Every structure is written in C-alpha cells, then in structure tokens.
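Subject: Structure handover

Hello,

Here is the structure we talked about. Please look it over, then read the notes below.

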Amino acid sequence: MHGANYRTATGQIFTRKEYIKGKPQIKIAKFQGGKRGVYKYCVQLLINEKIQIRHMAIESARLAANKTLEKTTGETGYYSRLRIYPHNLLRENKQIATAGADRVSEGMRRSWGKAVSLGARVKQGQCIMEMYVNNEAHLEAAKKALHGACVKLPGTPTINVIEWNKVSP
C-alpha cells in the first residue's frame, strides 16, 4: 500500500509487538552517524504538521542526508542523529483481486489486518533529525543535505540552524 494511506495519524496507536507472531523488522540501520565531538553549529530538520512517517521514509531520508554531507566533510567532520523512533504498527487488510474473489473474500467484515510496517507519529514542530558541523562551508553543505532529505519525507519540513559551541549529545 502507498505511504500516503498512512500519512494521517488517526485512531489509537497500536504498539504491542509481543502479541504479534509475524511482526515487521525496523528498516533503520543506524540512528547516529559521523563522529561525536565539539561542534559549532546544529542544523535541525523540523516537521510543520502533525503527521505519521513510515520507517522506510525515515531510513531513506537519513541515508540521503548522510551520503550528501559525507562527500563534503568526510566521515569524521560531522555528527548526525535521528530523533524519532517508529513504534506504531501499521496494519493492512489485504484483498484478493482475482476472478471470483467476491465469492471467497469477506471484504471489510470483521477486518483487523496484518502488521505490514512501522511508523512514527510526529507532532507539529518536532525535530526529526539533527546534524552537527563546524565551519560555514560545512554548514551550507548540511543545509543542502537536509534539503535533499526533505524530499523523502511526507509533509513540509523546515531547516533550523542553532549556534551550538558544545559537545554533541
């Protein structure tokens, strides 16, 4: 099913994975990248609306941002961190779409659905991802990297720059 079908966060959240036999695995490989240290700037990716983001979109945004920034700064010239975790189980009531399916399937009667994916519910103004860099050239590269990550995410994110001058968390 399309990610657009799960974009709006309606209904009660279902997070009890211990009761599900075939639970989906999380696709996010790493939540932190680069090297921890003292950095001058913190560049944040904020979301402007209440939305639900699938774990595939989070991982693709993380990969796009890290690969773009790594070309400019190298592996040790930055530190990135994901700030959200996909807890919410997303379900799908699969339908049969072959000839004679109307006699076999029951449609939406007693439907509950199988867990097919994971999602993170994000509030308006919440930070999705942070990148820490040192100089102005790397700051522009971090903005460009997060702009490339915005394309992978639903909704309309914004990029925020903070003077940091401390050790990255």
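A residue is buried at under 20% relative accessible area, exposed at over 50%, and partly exposed in between, using a 1.4 Å probe and protein chains only. By that cut-off, 41% of the 169 residues of the protein are buried.

Some ground rules. This is a predicted model, in which local features need pLDDT of at least 70 and side-chain atom pairs pLDDT 80 or more, while totals for chains, interfaces and linings use all residues. Numbering starts from 1 along each chain as its sequence is written, and side-chain values use heavy atoms, with hydrogens and water left out.

**Overall layout**

The protein has three helices and eight strands. Both are DSSP runs numbered from the N terminus: helices are H or I with at least four residues, strands are E with at least two. The order from the N terminus is β-β-β-α-β-β-α-β-β-α-β. The C-alpha trace spans about 65 × 30 × 25 Å along its principal axes. A contact means heavy atoms within 4.5 Å. Take the contacts between residues at least 6 apart in sequence: 90% of them join residues at least 24 apart.

Three strands form an open sheet in the order 3-6-5, paired antiparallel. Strand 3 (51–54) and strand 5 (88–92) are the edges, each pairing on one side only. Pairing takes at least two DSSP bridges between the strands. From one strand to the next, the twist averages 50 degrees. Axes here are lines fitted to C-alpha atoms, for helices over the stretch in contact, and angles run from 0 to 180 degrees between N-to-C directions.

Strand 3 and strand 6 (residues 114–122) are joined by four bridges. I51 sits opposite V122 in strand 6. Helix 1 (residues 55–73) packs on the sheet and touches strand 3 and strand 6. Its direction makes about 75 degrees with that of strand 3.

**E92**

E92 lies in strand 5. E92 is buried, yet has no salt bridge. That would take a side-chain nitrogen of Lys or Arg within 4 Å of a carboxyl oxygen of Asp or Glu. The nearest side chain of opposite charge, K94, is 5.3 Å away. Lys and Arg count as positive, Asp and Glu as negative; His and the chain ends are not counted. Leaving out residues up to four places away in sequence, E92 touches M1, Y6, G113, K114 and V116.

**Cysteines**

C127 is buried, at 9% relative accessibility.

Regards
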